[in-house]
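Have a look at the fold before reading on.

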Amino acid sequence: MKVLNEMKLSFPSRSANEAFARTALSAFAAALDPTIEELADMKTAVSEAVTNAIVHGYREGIGTIYIHAKILEKNRIVVRIRDTGCGIENVKQAMEPLYTTGPAGERSGLGFAVMEAFMDKVTVRSRVGRGTSVTLEKTIQSKGAE
């Protein structure tokens with residue numbers, strides 16, 4: 001599909017930047033004229049992916065989180081959130097609801113399940129010691145810029 005618009009961001013893996021990522025995606029996706037619910041779904045999915053990178057990818061310190069978002073033909077948006085942190089040893093296991101590597105009682109292990117519930121497609125690629133890439137895809141049902 002033809003790319004109609006795109007943006008790239010990078011920022012330190014600090015908790016305060018999770019809200020920045022959510023807001024930046026919201027402003028970018030506004031060109032598609034999404035409903036409030038569609039926009040909330042995308043913001044939540046991006047928030048979960050960025051939080052995973054902060055909490056799990058860079059658990060030993062601060063690193064860089066990269067976001068590359070594209071608006072495609074037919075009201076499609078693709079958002080890739082990438083880190084160069086520790087990586088995920090077993091992606092299939094990590095995507096199971098309630099699985100977490102975070103401190104007991106602090107994390108629910110529902111991040112990937114939430115992403116899958118709110119987006120049309122979620123793809124996770126990871127290499128131990130190299131980082132993780134989460135690609136979120138959604139078709140906006142309302143009539144936006146084409």
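## The nonpolar core

A nonpolar core is a set of buried Ala, Val, Leu, Ile, Met, Phe, Trp, Tyr and Cys residues joined through side-chain atoms within 4.5 Å. Buried here means under 20% relative accessible area, exposed means over 50%, and partly exposed lies in between (1.4 Å probe, protein chains only). The model is a predicted one, in which local features need pLDDT of at least 70 and side-chain atom pairs count only at pLDDT 80 or more, while totals for chains, interfaces and linings use all residues. Residues are numbered from 1 along each chain as its sequence is written, and side-chain values use heavy atoms, leaving out hydrogens and water.

Which members of the largest nonpolar core touch the most other members? Among its 31 residues, they are Val50, Ile77, Ile81 and Leu136. At least two residues of this core come from each of strand 1, helix 1, helix 2, strand 2, strand 3, helix 4 (111–118), strand 4 (121–127) and strand 5 (131–139); helices (H or I, at least four residues) and strands (E, at least two) are DSSP runs, numbered from the N terminus. Helix 2 gives the largest share, seven residues. In soluble globular proteins, nonpolar side chains tend to be buried together.

Contact means heavy atoms within 4.5 Å. Not counting residues up to four places away in sequence, Val50 touches Phe11, Glu18, Ala21, Ile65, Ile67 and Ile81.

Ile77 sits in strand 3 and is buried, with a relative accessible area of 0%. Leaving aside neighbours within four places in sequence, the contacts of Ile77 include Leu25, Phe28, Met42, Ile71 and Leu136. Ile77 and Met42 are 35 residues apart along the chain, and their C-alpha atoms are separated by 9.5 Å.

Helix 1 (residues 16–29) has 14 residues and should span 20 Å at 1.5 Å a residue; its end C-alpha atoms are 21 Å apart, which agrees. The expected span is 1.5 Å times one less than the number of residues. Asn17, Glu18, Ala21, Ala24, Leu25, Ser26, Phe28 and Ala29 are the buried residues of this helix, and they pack against strand 1 (3–12), helix 2 (36–57), strand 2 (64–72) and strand 3 (76–83).

Ser13 lies in the loop between strand 1 and helix 1 and is buried at 3% relative accessible area. A polar atom of the Ser13 side chain lies 2.8 Å from the backbone nitrogen of Gly63. Beyond neighbours within four places in sequence, Ser13 also has contacts that include Ile54, Tyr58 and Ile65.

## Salt bridges

How many salt bridges are there? The count comes to three, where a salt bridge is a side-chain nitrogen of Lys or Arg within 4 Å of a carboxyl oxygen of Asp or Glu. One joins Glu18 and Arg22, with the closest N and O atoms 2.4 Å apart. These two are four residues apart in helix 1, so about one helical turn separates them. Glu18 is buried at 14%, whereas Arg22 is partly exposed at 26%.

Arg76, buried at 14% relative accessible area, forms a salt bridge with Asp120 (3.3 Å, N to O). This pair links strand 3 to the loop between helix 4 and strand 4, 44 residues apart. Arg76 also meets Glu137 in a salt bridge (3.2 Å, N to O), and this pair ties strand 3 to strand 5, parts that are 61 residues apart in sequence. Through shared partners, Arg76, Asp120 and Glu137 join into one network.

Definitions and conventions:
A polar contact is a pair of N or O atoms within 3.5 Å; within protein, one must be able to donate a hydrogen and the other to accept it, and residues adjacent in sequence count only if both atoms are side-chain atoms.
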